[in-house]
Amino acid sequence: MDKKRIGCLLLFCLTFLTAGCWDRRELQERNFVLAVGIDVVDKFTPVETFVQPHGEKRYRLSLQLLKPVSGGEAKDKSKTYVISNTGESMFEMVRDMLGQSSKSLWFEHLQVIVISEAVLQEKGLGEVLDFFKRDSEMRSRIKLYVTSGTAKEILEYVPPSKEAGGLHLAESLRLHTRNIHVGGARTDLGFITQYLDNDADIILPRIERADKVLKIGGAALFKKDKFVGYADEYAIAGRKIAAATEKSAIITIPCPDHPNHQVVFELFRHDTTLRPHVEGDRLYFTLDITMYGNIGELQGDVELDNTMDSEYVQKLEIAFAEEIKRMVLYGETVLKKQLKVDPINLFAGKIRAYEPETWEKVKDQWDEIYPEVPLLISVNVSIRNIGSHR
Amino acid sequence: MRALLMGCIGYKRLFGCVLIIGIALSISGCWDWREMEDRRIVLAVAIDKAEQGLGPGQGNAVTKVETFLQPYGSKRYRLSFQMLNITPSKEGASGPRGEVGTYIISNTGESLFEMIRDMLGQVGQSIWFEHVQTIIISEEVVKEGGLTPIVDYFRRDREMRWLTKILITSGEARPFLEYQPPSGEPSGMFIGNSLRLYRKNPHVPGWRTDVGDMAKSMDNKSRVLMARIELVDNVVKLGGMALFKKGEFIGYVDEYATKGGKFIGGIEKSAIITVECPKHPGEIIAFELFRHDTKLTPYVEGENIYYTLDIMMRGNLGETQCGQRHNIMDVREIHTIEELVAEEVKRNVFYTMHTYQNLKVDASVFGAKLQAHEPLVWEKVKDRWDDEVFPHVSLVVSVNVIIENIGEHK
């Protein structure tokens with residue numbers, strides 16, 4: 001009898017434990033933050049702030065929030081809105097912004113963080129991102145952008161497709177494997193956190209807005225966590241080829257026979273090997289690239305530049321190889337010689353992996369050695385399909 | 001006939017039949033039904049001075065209509081209601097679903113009840129107050145007539161709910177009703193819900209600021225706290241609070257003092273406490289409070305009354321602005337920060353205490369604690385508590401902070 005009673009009681013208690021809904025939170029009770037923008041405080045706004053016991057009004061933090069809209073009725077309206085606040089500690093600002101929102105803020109679906117250049121001129125990347133690195137709500141796949149304008153304007157951008165702005169920004173960056181102008185490999189928050197911890201140089205994609213046009217292209221470079229400058233699309237293309245982070249690429253050259261026409265190579269597959277070599281005191285790298293792809297476009301006259309002619313195709317292959325070499329060297333000039341950065345530890349990592357003893361010797365002076373290390377490039381292009389017909 | 005009936009069914013059966021018919025009539029239940037669309041639901045109330053709170057483009061002609069001939073009193077207040085528009089949105093004509101339509105009606109007069117009944121002439125159906133979310137009062141009104149006459153109706157009427165939020169603004173109150181939150185909800189609900197986040201936002205009061213709490217405080221002749229809200233250029237924000245004593249407006253206290261007040265009362269659930277980095281001046285380190293144990297105890301020694309406040313806080317390191325330059329992994333560093341946070345909490349508590357004492361308002365629970373622990377002493381001092389005794393009580397604060405997680409990785 002006692003056993004039965006205890007059993008009943010146990011069962012009764014279990015119903016409470018297993019019901020499971022005690023801490024449920026409905027979707028419409030959450031305010032999803034899709035994008036975060038970090039700017040310097042340019043002009044004082046009376047309401048969007050609070051009395052601060054410590055620090056100064058250093059940053060303007062803007063959050064892009066998702067507007068919950070049901071059904072397909074609001075197709076022509078923006079799905080997001082932006083609120084902002086000023087202060088120094090991001091965490092303090094986020095909590096103060098609850099006074100501007102009717103639901104608590106959820107960062108678990110945060111897609112992108114946009115940082116304005118003005119902030120990075122003053123502060124290191126690690127200091128700006130500290131809250132996002134430390135907080136448990138932040139995901140490692142959050143995308144990061146740098147803009148030379150104001151980040152808030154980028155958050156306020158409504159894509160013509162009317163999708164939520166933050167999603168648009170993140171999806172756009174995910175196409176980096178096919179868009180050679182975007183330095184988007186290993187730039188998520190998780191990677192950046194790793195690189196910051198390892199004192200590596202960092203590369204972040206650049207985004208610009210002018211009026212109603214938003215575009216990604218080029219990248220911002222960081223020496224450790226200090227912003228040093230931008231690299232243009234061509235330099236990024238060269239760097240991506242050296243680092244083998246491109247999947248597909250479009251490479252253009254003037255036609256070898258008729259230089260006012262362009263011929264375009266579409267990269268399909270490549271085999272890239274970057275190796276360090278040590279000969280006595282000399283340290284150098286070799287980069288061997290084999291590329292397979294198609295002729296994607298021929299601007300000239302097909303009668304004159306006949307791609308059916310194998311000699312002409314061979315001529316093109318050589319010209320493409322030259323162009324790729326030039327591209328990689330241009331990237332090296334900008335990143336290595338001018339900005340003196342080695343983002344994502346591409347070269348340093350190779351030495352450490354292949355020549356650990358040499359690395360031990362050079363690692364302390366690596367910053368001085370790196371800009372002088374030569375790179376020997378050999379490129380082999382093989383054109384598979386020409387897309388011509390007769 | 002009668003004989004015929006009795007012959008057929010008998011007295012008892014007849015009685016039973018009548019009973020059944022009678023019950024059927026009385027339990028059908030819908031005799032006093034009122035459909036949703038027959039109600040005019042008020043979401044928010046704004047109280048301004050009569051000459052303020054005009055709608056956009058609203059001239060004197062309209063004001064002349066929005067009133068009535070008053071046998072007694074003056075045109076003192078302007079009462080505005082945000083009404084829920086529950087007519088279904090037509091294809092293309094109205095806003096999308098998810099955006100709830102509202103409109104505003106207003107009236108001027110002195111008695112709130114009189115105005116409300118006169119406003120029935122401005123709406124087609126009767127007005128329902130049971131879903132009022134927010135009441136917003138402009139500072140000018142309370143400065144002129146005090147709080148008591150304004151809120152009397154809300155305390156007395158049975159349609160008013162005790163969990164309605166009541167807020168104060170330094171400007172006009174009506175623009176808050178016109179404000180359209182970007183999320184699409186009506187501003188009355190937006191503001192009410194925003195105030196409910198007070199547990200995570202240390203800068204808003206939100207404890208004991210509902211209409212019911214206010215009514216209780218006024219009955220006990222103690223202070224009233226009211227959250228402050230401001231609107232500039234289509235940006236609405238809550239932060240700080242206003243203090244009232246005996247129905248009189250005493251003043252505002254800022255976010256920092258509000259935060260300290262929450263520490264004293266032990267009502268914060270989560271809070272961000274910032275300290276300046278010991279190694280990098282100007283840079284901030286933020287502590288995120290998770291759990292705390294706060295105890296306020298009064299002590300009486302002869303004439304002298306003092307309090308001890310013991311706070312034990314546990315939480316995480318939320319942010320360091322000095323970032324990479326500062327190695328937080330070191331245990332000694334953590335201890336330094338723990339001590340700094342404790343110092344900061346102490347500083348914050350004293351800041352609040354001095355603010356309250358300067359304003360001569362016991363805006364926390366000091367009086368109540370004395371009443372509970374030392375009822376005899378309380379009886380002696382209660383009449384001069386706020387003005388004479390409270391400004392001179394001392395507070396001994398001891399804070400202990402433990403940082404549990406630092407969120408650091410290597």
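Modeller: In chain A, the centres of domain 1 and domain 2, taken over C-alpha atoms, are separated by 33 Å. The model under discussion is predicted.

Colleague: What makes these two parts of chain A separate domains?

Modeller: The bounds come from an automatic or database domain assignment. For chain A that assignment gives domain 1 as 27–231 and domain 2 as 244–385.

Colleague: How do you know that the domains of chain A are in contact, and how many residues take part?

Modeller: Two residues are in contact if their C-beta atoms lie within 7 Å. By that test, 16 residues of domain 1 of chain A are in contact with 15 residues of domain 2 of chain A. On the domain 1 side, the elements giving two or more residues are strands E7 (202–210), E8 (213–223) and E9 (226–231) of chain A. That side has 10 nonpolar, two polar and four charged residues.

Colleague: Which domains does the assignment give for chain B?

Modeller: Domain 1 of chain B is 36–253 and domain 2 is 259–405. Their C-alpha centres lie 34 Å apart. The contact takes 13 residues from domain 1 of chain B and 16 residues from domain 2 of chain B. Strands E8 (235–245) and E9 (248–253) of chain B are the elements that give two or more residues to the domain 1 side, and E9(B) gives the most, with three residues. By class, the residues of that side are six nonpolar, three polar and four charged.

Colleague: What secondary structure does chain B have, and is the chain compact or spread out?

Modeller: Chain B has 14 helices and 13 strands. Its radius of gyration is 28 Å, whereas the globule rule gives 22 Å for 410 residues; the value is well over the rule, so chain B is more spread out than a compact globule. The C-alpha atoms of chain B fill a box of roughly 105 × 60 × 55 Å along the principal axes.

Colleague: What share of chain B is called buried?

Modeller: A residue is buried if 20 or more other C-beta atoms lie within 10 Å of its own. Of the 410 residues in chain B, 40% are buried.

Colleague: How do you know what span to expect of helix H11 of chain B?

Modeller: The expected span is 1.5 Å times one less than the number of residues. Helix H11 (residues 331–359) of chain B has 29 residues, and the expected span is 42 Å; the helix reaches 42 Å from its first C-alpha to its last, close to expectation.

Colleague: Which residues of H11(B) are buried, and what covers them?

Modeller: The buried residues of H11(B) include Ile337(B), Val341(B), Glu344(B), Asn348(B) and Tyr356(B). Their cover includes helix H10 (255–265) and strands E11 (284–301), E12 (304–320) and E13 (394–405) of chain B. After H11(B) comes Lys360(B), whose phi is positive, near 60°.

Colleague: How many residues make the contact between chain B and chain A?

Modeller: In this contact, 47 residues of chain B meet 41 residues of chain A. Among the elements giving two or more residues to the chain B side are helix H8 (187–195) and strand E7 (224–232) of chain B. E8(B) gives the most, with five residues. The chain B side has 18 nonpolar, 18 polar and 11 charged residues.

Methods. Residues are numbered from 1 along each chain as its sequence is written. Chains are lettered from A and ligands numbered from 1 in the order in which they are written. This is a predicted model: local features need pLDDT of at least 70, side-chain atom pairs count only at pLDDT 80 or more; totals for chains, interfaces and linings use all residues. Helices (H or I, at least four residues) and strands (E, at least two) are DSSP runs, numbered from the N terminus. Ala, Val, Leu, Ile, Met, Phe, Trp, Tyr, Cys and Pro count as nonpolar, Asp, Glu, Lys and Arg as charged, and the others, Gly among them, as polar. The radius of gyration is taken over C-alpha atoms; the globule rule is 2.2 Å times the number of residues to the power 0.38. A residue is buried if 20 or more other C-beta atoms lie within 10 Å of its own, exposed if 12 or fewer, and partly exposed in between; C-beta atoms are placed from the backbone.
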